Amino acid sequence: MSRNPSTALVIVDVLNPYQHDDADTLAKSMTETVDQIALLLHRARDEQRPIIYVNDNYGHWNSSSAELLDIALQHGRHPELVEPLRPPKDANFIIKARHTIFYETPLQYLLRQLDVTRLLLCGQVTEQCILYSALDAHVRNLNVAIPIDAVAHIDAQLADAALRMMRRNMRAELQPAAHCTF
């Protein structure tokens, strides 16, 4: 890892209406992580680090962060999990359609433009989008940090295995959000 890498906070799939299979299980886990994600968001803003939201479009191809936020808050089943994570006006926003933040998105280009070499990945789902995104970041020679209390899961056992894989195979930094550095 380089000295003083430029770190971006990447918040994955938190503008969620929770109207999908496993939504109740995910919402329960998210209840335990939302405050830690909000803490990281606040710290990133205070430290003037890039904040990038990468969110599933849930089939709404003309979506914006404002539209996805509105759907989640006005029509979603758990607005209390979305409101604390409302994107700041100056946050970057990228729509994704698959399980990784990189697949057919402009994220890699944005990271180069921002001189980012390290991602602090948080959000959901640990054993799906977080894992696949960490792998894609690793193969792009980006450093990855995962705040273990700021990622939500559907299956706790798979999430634990995913975290172990990220540490062992991708050399990801794993620690509580309060100990993560930007």
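Arg171 is in contact (heavy atoms within 4.5 Å) with His138, Val144 and Met166, leaving aside neighbours within four places in sequence. Arg171 sits in the loop between helix H6 (156–170) and strand S7 (173–175). Helices (H or I, at least four residues) and strands (E, at least two) are DSSP runs, numbered from the N terminus. Arg171 counts as exposed because its relative accessibility is 63%; exposed means over 50%, buried under 20%, and partly exposed in between (1.4 Å probe, protein chains only).

This is a predicted model: local features need pLDDT of at least 70, side-chain atom pairs count only at pLDDT 80 or more, and totals for chains, interfaces and linings use all residues. Residues are numbered from 1 along each chain as its sequence is written, and side-chain values use heavy atoms, with hydrogens and water left out.

A nonpolar core is a set of buried Ala, Val, Leu, Ile, Met, Phe, Trp, Tyr and Cys residues joined through side-chain atoms within 4.5 Å.

| Core | Size | Residues, among them |
|---|---|---|
| Largest nonpolar core | 34 residues | Leu9, Ile11, Val14, Tyr18 |
| Second, separate core | 29 residues | Ala8, Ile94, Leu110, Ile146 |

H1 gives the most, with 9 residues. Tyr18 is one of the residues with the most contacts inside this core. Beyond four places in sequence, the contacts of Tyr18 include Met30, Arg77, Leu81 and Gln124.
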